[in-house]
Amino acid sequence: MRAVTISEPGGPEKLQWTEVPDPRPGAGEVLLEVVASAVNRADVLQRQGYYPPPPGAPEYPGLECSGRIVEVGEGVDGWSVGDEVCALLAGGGYAERVAVPAAQLLPVPGGVDLVEAAALPEVACTVWSNVVMVARLQAGELLLVHGGAGGIGTHAIQVGKALGARVAITAGSQERVDRCRELGADIAINYREDDFVEVVKAEGGANVILDVMGAKYLDRNVDALATEGRLVIIGMQGGTKAELNIGKLLSKRGSVTATNLRGRPVDDKGTIVAAVREHLWPLIEEGAVRPVIGQTVPMSNAAEAHRALEGGQVFGKVLLTVG
């Protein structure tokens, strides 16, 4: 088969579409013929040499895919050859085939085609596990999402609205701010022009903040929290080290949680995937939440997709298609 390999750490030109050995499914796994994958920030970090795959994961990038089951491993129930699915991966999505733990499979939701479904697993599991399972967002609360125009952000806007929350976002241009409003954001903040802390504090503070920036925004996020607010950090685009004012956090009875998804054990991922299938998939089938796809690129030209994501001009997800 063919896959996108990383010749050495560096820029997008280090991605190569080459022949590699075929994977085989182990016990509890299925083998997928990949139809599409999607580009995530973690893939960029892996290409740059900063985010190696966890032990046992394929060395190729790709944290999600959609496709058809072509082989079922020992001990797998409920799935059959020919089923059309999408999957959460620890790696390996940039390939023609990938072996996946059955616990990380999802059926393609009604109303979504097989290619579009590749845009869902990573953002769905990230948003649901953090905004709902960790931060316990409630109807009527205010959810602040940093990076509202990205894959996670566009999904979080819709999930927040579907759950009855008000949603505020930050984005880096007026065009992206406007598109987030069209998607359902109640408060859209151009961070190049306005201070998100002041805007959110004027609304009574954020009950939940979903943050991809990390260190750069830590102190300001605490400022923006409402009483008993919950800050969930899922990225480090703004660095890894910052000072936390514990007194400020105590005065708000707030909490700060940092999570990741890729390195979790299969059982943990399976719990998240099951919750997504039970609670979020019906919202997608109703049309309350939909995949937002900004660009589709052949997988053989993954370098172009990485340039598009790093250029910051894509709204939503970038997909990679096979064939």
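Student: What is the orientation of H1 and H9 to each other?

Tutor: This is a predicted model, in which local features need pLDDT of at least 70 and side-chain atom pairs count only at pLDDT 80 or more, while totals for chains, interfaces and linings use all residues. Residues are numbered from 1 along each chain as its sequence is written, and side-chain values use heavy atoms, with hydrogens and water left out.

Helix H1, residues 41-48, packs with helix H9, residues 302-311, at an angle of about 110°, and their axes are 10 Å apart (helices are DSSP runs of H or I with at least four residues, numbered from the N terminus; axes are lines fitted to C-alpha atoms over the stretch in contact, and angles run from 0 to 180 degrees between N-to-C directions). H1 and H9 are therefore roughly perpendicular to each other, a term for angles of 65 to 115 degrees, where those under 35 are roughly parallel, those over 145 roughly antiparallel and the rest oblique. The crossing of H1 past H9 is left-handed (the near helix is turned anticlockwise from the far one by less than a right angle, and clockwise would be right-handed). On the H1 side the residues that meet H9 are Arg41, Asp43, Val44, Arg47 and Gln48, and their partners in H9 are His306, Leu309 and Glu310, where contact means heavy atoms within 4.5 Å. Sorted by class, this contact of H1 with H9 holds four charged residues, two polar and two nonpolar (Ala, Val, Leu, Ile, Met, Phe, Trp, Tyr, Cys and Pro count as nonpolar, Asp, Glu, Lys and Arg as charged, and the others, Gly among them, as polar).

H2 and H8 pack at about 85°, with axes 9 Å apart, and that makes H2 roughly perpendicular to H8. From H2 the contact takes Ala124, Cys125, Trp128, Ser129 and Met133, and from H8 it takes Thr271, Ile272, Val273, Ala275, Val276, His279, Leu280 and Trp281. The contact of H2 with H8 has 10 nonpolar residues and three polar ones, but no charged residue.

H2, residues 121-134, also packs with H3, residues 151-162, at an angle of about 55° and with the axes 9 Å apart, so H2 and H3 are oblique to each other. The crossing of H2 and H3 is right-handed. In this pair Val123, Ala124, Thr126, Val127 and Trp128 of H2 touch Gly151, Ile152, His155, Ala156 and Val159 of H3, and the residues of that contact are seven nonpolar and three polar, with no charged ones.

The whole structure holds one cavity of 30 Å³ or more, that is, a set of points on a 1 Å grid over the protein atoms alone where a 1.4 Å probe fits but cannot get out, with lining residues having an atom within 4 Å of a point. The largest cavity contains about 40 Å³ of space (points are joined across faces, edges and corners, and volume is the space filled by probe spheres set on them). H3 gives the most to the lining of the largest cavity, with four residues, and the lining as a whole includes Val123, Gly151, His155 and Arg290. By class, the lining residues of the largest cavity are five nonpolar, four polar and two charged.

How values were computed:
Helix = DSSP H or I, 4+ residues; strand = E, 2+ residues; numbered from the N terminus. 1 Å grid on protein atoms, 1.4 Å probe; cavity = no way out; pocket = protein on both sides within 12 Å on 5 of 7 lines; lining within 4 Å.
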